[in-house]
Amino acid sequence: MISFDFTENQLEVQRMARELAEKKIIPNIAEYDREQKHNPQLLRDMAKADLMGFCLPEKYGGMGMDYISLGLACEELEYGDTSARVVLSVHIGLYSMPLCTWGNEEQKQKYLTPCAKGDKIGTFGLTEPAAGTDAVGIKTTAVKKGDQYILNGEKMWISLADVADYFLIFAWTDQDKKKARDHTGLSAFIVEKDFEGISTGSIHGKLGVRAGNTGFIAMTDAVVPAENLIGNEGEGFKIAMFCLDQGRYTVAAGSTGLVKACRDASVKYAHERETFGEPIAHHQMVKQMIANMEAGYEYSHLLWLKAGCKKNKGEPSTRETSLCKWIACREAEKAAGDAVQVHGAYGFSDEYPVERFYRNCKGASIYEGTREIHTLMQADYALGFRKDKPLRVHLPIVNQE
Ligand SMILES: Cc1cc2nc3c(=O)[nH]c(=O)nc-3n(C[C@H](O)[C@H](O)[C@H](O)COP(=O)(O)OP(=O)(O)OC[C@H]3O[C@@H](n4cnc5c(N)ncnc54)[C@H](O)[C@@H]3O)c2cc1C
């Protein structure tokens, strides 16, 4: 049965996230964005509003909320700024949820509970300077020495790299498989920022998400206890793909919120700005752009809801997740371009938020599977070259109805 009614709990999460966006993000985001500065207070505010672990199990300090709540929170936060939604994408989607599914009990107590409470921040390190889409092209190695692994390599373009406490890092444990590009030689580790041999830094001069931290993690003979291996040796690729199935969902819902922000800003401006003796809202071509935003919001929203419903039921949803991510990011790019257009020259300046939306939307068509990768995936599903198999692991959260 399909229902478009949200539960009280889901609406409560939506309210919390909306209030945070209105009170804590929107009032000062232009300044942080202009200065390319991460706002550390935002993470504390998100933790205070219980947004850092609300959809993680209560057993580990979360609130046991479901995927729909997660989507709603992402929509509302990205309505404020993309950098705030990115926090949920990496901290919950790419780090905590995978740890919940793949970690053992000790690992969850140690590395999930503080994250669910918002006391620590987690992120995900797969991309390297020479390998993004081509994940088996990564070079980082993990060599076992007694009860430790020694990691060498560099992760690049990592969200919150210079802010997070814990990193989910992917590295080759089987060097022969590395040479053969066999992904069953990859493994996943929890690495603490303070481990010996770890250093981090920030990237400046980004096109968008300027109020968010993006950086690198360098590992030089980094010493990682063997008990920090997640899953078994050789399961790293499977874990990375699982991570992306959670993270992409948050990007889709967030981009949907960005479409809505573009629509609302454009509607407001279209009523205020006059040309030829009447508000531009009365010109058909302006209406066309706003109608496209309206449609783009509605179908992006429906697509992530569909993926979220499947996830709530513990069903495979890679196809639906890829589709909603691809479409929502595409609609956000279209909406942001048109929102600047609706604003004319004012859209070209940071006096109005649409200029920031225009810069922010682009990243989402690059990270968590580029536009091209999702296009290929959808073609492959349609052509019968690709099919989702039943899940062999439990999703971190289940339907809360
Ligand atoms: C703001 C931001 C935040 C990020 N955060 C993280 C993070 O937290 N953790 C993390 O691990 N990574 C992160 N990334 C990295 C991101 O996941 C990669 O940039 C992405 O996977 C693409 O890899 P690439 O940049 O190396 O591009 P490439 O893989 O080099 O691709 C370049 C171009 O070639 C195309 N292409 C590549 N292969 C194919 C193919 N087979 N068929 C068709 N086209 C192809 C791509 O679509 C793209 O257009 C982030 C990136 C950005 C911009």
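Let's start at Ala 336, which touches Leu 258, Cys 262, Val 354, Phe 357, Tyr 358 and Cys 361, leaving aside residues up to four places away in sequence. Keep in mind as you look around that this is a predicted model. Ala 336 belongs to the largest nonpolar core, a set of 115 residues, and it is listed with Phe 189 and Cys 262 as having the most contacts inside that core. Helix H9, residues 236-272, gives the most to this core, with 15 residues. As general background, nonpolar side chains tend to be buried together in soluble globular proteins.

Two packed helices are described by the angle between their axes and the distance between the axes. Helix H5, residues 82-102, packs with H9 at an angle of about 155°, and their axes are 9 Å apart. Because angles over 145 degrees count as roughly antiparallel, H5 is roughly antiparallel to H9. The crossing of H5 past H9 is right-handed. On the H5 side, the residues that meet H9 include Arg 85, Leu 88, Gly 93, Leu 94, Met 97 and Trp 102. On the H9 side, they include Phe 242, Gly 247, Tyr 249, Val 251, Gly 254 and Leu 258. Sorted by class, this contact has 11 nonpolar, 8 polar and 1 charged residues.

Now turn to another helix pair, H1 and H3. Helix H1 covers residues 8-25 and helix H3 residues 40-48; they pack at an angle of about 150°, with axes 11 Å apart. That angle makes H1 roughly antiparallel to H3. H1 passes H3 in a right-handed crossing. Leu 20, Lys 24 and Ile 25 of H1 make the contact with Leu 42, Asp 45 and Met 46 of H3. These residues divide into 4 nonpolar, no polar and 2 charged.

Finally, two residues deserve a look at the backbone. Arg 181 is not a glycine, yet it has a positive phi of about 55°. You will find Arg 181 in the loop between helix H8 (175-179) and strand E5 (186-192). With 10 other C-beta atoms within 10 Å, Arg 181 is exposed. Asp 221 also has a positive phi, near 45°, in a residue other than glycine. The place of Asp 221 is in strand E7, residues 214-225. Is Asp 221 buried or exposed? Asp 221 has 10 other C-beta atoms within 10 Å, so it is exposed.

Note on methods. Residues numbered from 1 in each chain as written. Predicted model: local features only at pLDDT ≥ 70, side-chain atom pairs only at ≥ 80, totals over all residues. Core = buried A, V, L, I, M, F, W, Y, C linked by C-beta atoms within 7 Å. Buried ≥ 20, exposed ≤ 12 C-beta atoms within 10 Å, placed from the backbone. Helix = DSSP H or I, 4+ residues; strand = E, 2+ residues; numbered from the N terminus. Contact = placed C-beta atoms within 7 Å. Axes fitted to C-alpha atoms, helices over the stretch in contact; angles between N-to-C directions. Parallel < 35°, antiparallel > 145°, perpendicular 65-115°, else oblique. Left-handed = near helix turned anticlockwise from the far one by under 90°. Nonpolar A, V, L, I, M, F, W, Y, C, P; charged D, E, K, R; others polar.
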